[in-house]
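Try each task before reading its solution.

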Amino acid sequence: MTPLKDSNLKTYLLIAIMVIAGPLGNVLLGKGMKQVGNELSLWPPSHLLHSGLAIFTCPTIWLGIASLLCFFVAYMLALSWADYSYVQPASSLAYGVVALLGYWMLGEKISPLRWAGIALISLGVFVVGRTNPRTAEHV
Amino acid sequence: MVQAILFTLIVVAGTGGELCVSRAMKEVGGAISFHPRAIVRIILRALRVPWMWVGVGMMAVAFFSLLGALSRMNVSFVVPVTALSYIAGALGGLTFLGERVSPQRWLGVFFVAVGVLLVFLGNR
């Protein structure tokens, strides 16, 4: 077993990776989907195929997927020693970062009420984040 | 209507998938080393746990729903709304993984829920 302090440090490091790579991935996906957006249709099947091709030949989508993969690997490692209901909320500081990136990179208009909501989400994340990482003895 | 379906799929399939992955990783055991070879070994071991595949399948559904949502809505709206998964996550951790959810953590979840509500109202 690793000492508790060491384990906490590793958890924080992984969460830092998650907080940056996750939102960046989502913003890139958003950018990519807007680029191919007007070609999308799910029915009939030939249109579905065409939509799939349009999505998976878009470089921005692949950049987003790569970024989300970094997020996912960090997430899996963190989950192997800390509880899901601790890691998931702590990682979700990302909800604030994604709004900033959407504003800077995509020029999205964000209403004051939406900023307030996002701030409240971050407050909730902070409150949740200050609880003990390990609560279940075993599955 | 399409919006509601997409958000439901993102939250329910996404959280369900993460719960399954978390359960699988607990079976695999803690990651002790950050060495690339150790990480690969953990991933290979994780792929042999059935819960991992159920989880990955559900996350794939959530991913395509997310792509659908992002093609018609702003990322700064879609992602905060998916914070609804906090509520699903606390409930799922409680029932499915046997984790104890403290009153303080419930308070945080409550703030998040109100925050999501404000984001929704701010979109009108």
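## Exercise 1: a residue in the first chain

A21(A) sits in helix α1 of chain A; helices here are DSSP runs of H or I with at least four residues, strands are runs of E with at least two, and both are numbered from the N terminus. Before going on, note the conventions: residues are numbered from 1 along each chain as its sequence is written, while chains are lettered from A and ligands numbered from 1 in the order in which they are written. This is a predicted model, where local features need pLDDT of at least 70, side-chain atom pairs count only at pLDDT 80 or more, and totals for chains, interfaces and linings use all residues.

Task: decide whether A21(A) is buried or exposed, and find which residues A21(A) touches.

Solution. 
- Step 1. Set the cut-offs: a residue is buried if 20 or more other C-beta atoms lie within 10 Å of its own, exposed if 12 or fewer, and partly exposed in between, with C-beta atoms placed from the backbone.
- Step 2. Count: A21(A) is buried because 21 other C-beta atoms lie within 10 Å.
- Step 3. List the contacts, where two residues are in contact if their C-beta atoms, placed from the backbone, lie within 7 Å. Leaving out residues up to four places away in sequence, A21(A) touches S67(A), C70(A) and F71(A).
- Step 4. Check one distance: the C-alpha atoms of A21(A) and A66(A) are 9.0 Å apart, though 45 residues separate the two in sequence.

## Exercise 2: from one residue to the core

Task: work out why L77(A) counts as buried, and which residues touch the most other members of the largest nonpolar core.

Solution. 
- Step 1. Locate L77(A): it belongs to helix α3 of chain A.
- Step 2. Apply the burial count: L77(A) is buried because it has 24 C-beta neighbours inside 10 Å.
- Step 3. Look across the sequence: L77(A) and L14(A) are 63 residues apart along the chain, with 7.9 Å between their C-alpha atoms.
- Step 4. Turn to the core, a set of buried Ala, Val, Leu, Ile, Met, Phe, Trp, Tyr and Cys residues joined through C-beta atoms within 7 Å. The largest one has 70 residues, and M18(A), A78(A) and V98(A) touch the most other members.
- Step 5. Follow one of these: A78(A) touches T11(A), L14(A), I15(A) and V87(A), not counting residues up to four places away in sequence.
- Step 6. For background, nonpolar side chains tend to be buried together in soluble globular proteins.

## Exercise 3: two chains side by side

Task: describe the make-up of chain A and of chain B, then say how confident the predictor is.

Solution. 
- Step 1. Count elements: chain A has six helices and zero strands, and chain B also comes to six helices and zero strands.
- Step 2. Take the buried share: 42% of the 139 residues in chain A, and 47% of the 124 residues in chain B.
- Step 3. Read the pLDDT, the predictor's confidence in each residue from 0 to 100. Chain A has a mean of 82, with 82% of its residues at 70 or more, and chain B averages 88, with 98% scoring at least 70.
- Step 4. Go element by element: in chain A, α4(A) has the lowest mean (66) and α5(A) the highest (91).

## Exercise 4: where the chains meet

Task: find which element gives the largest share of the side of chain A that touches chain B, and what V119(B) is in contact with.

Solution. 
- Step 1. Size the interface: 45 residues of chain A are in contact with 47 residues of chain B.
- Step 2. Assign the residues on the side of chain A: α6(A) gives the largest share, twelve residues.
- Step 3. Switch to the other chain: V119(B) is found in helix α6 (residues 103-121) of chain B.
- Step 4. Count neighbours: V119(B) is buried, with 28 other C-beta atoms within 10 Å.
- Step 5. List its contacts: leaving aside neighbours within four places in sequence, V119(B) is in contact with R114(A), G117(A), I118(A), F77(B), P80(B) and V81(B).
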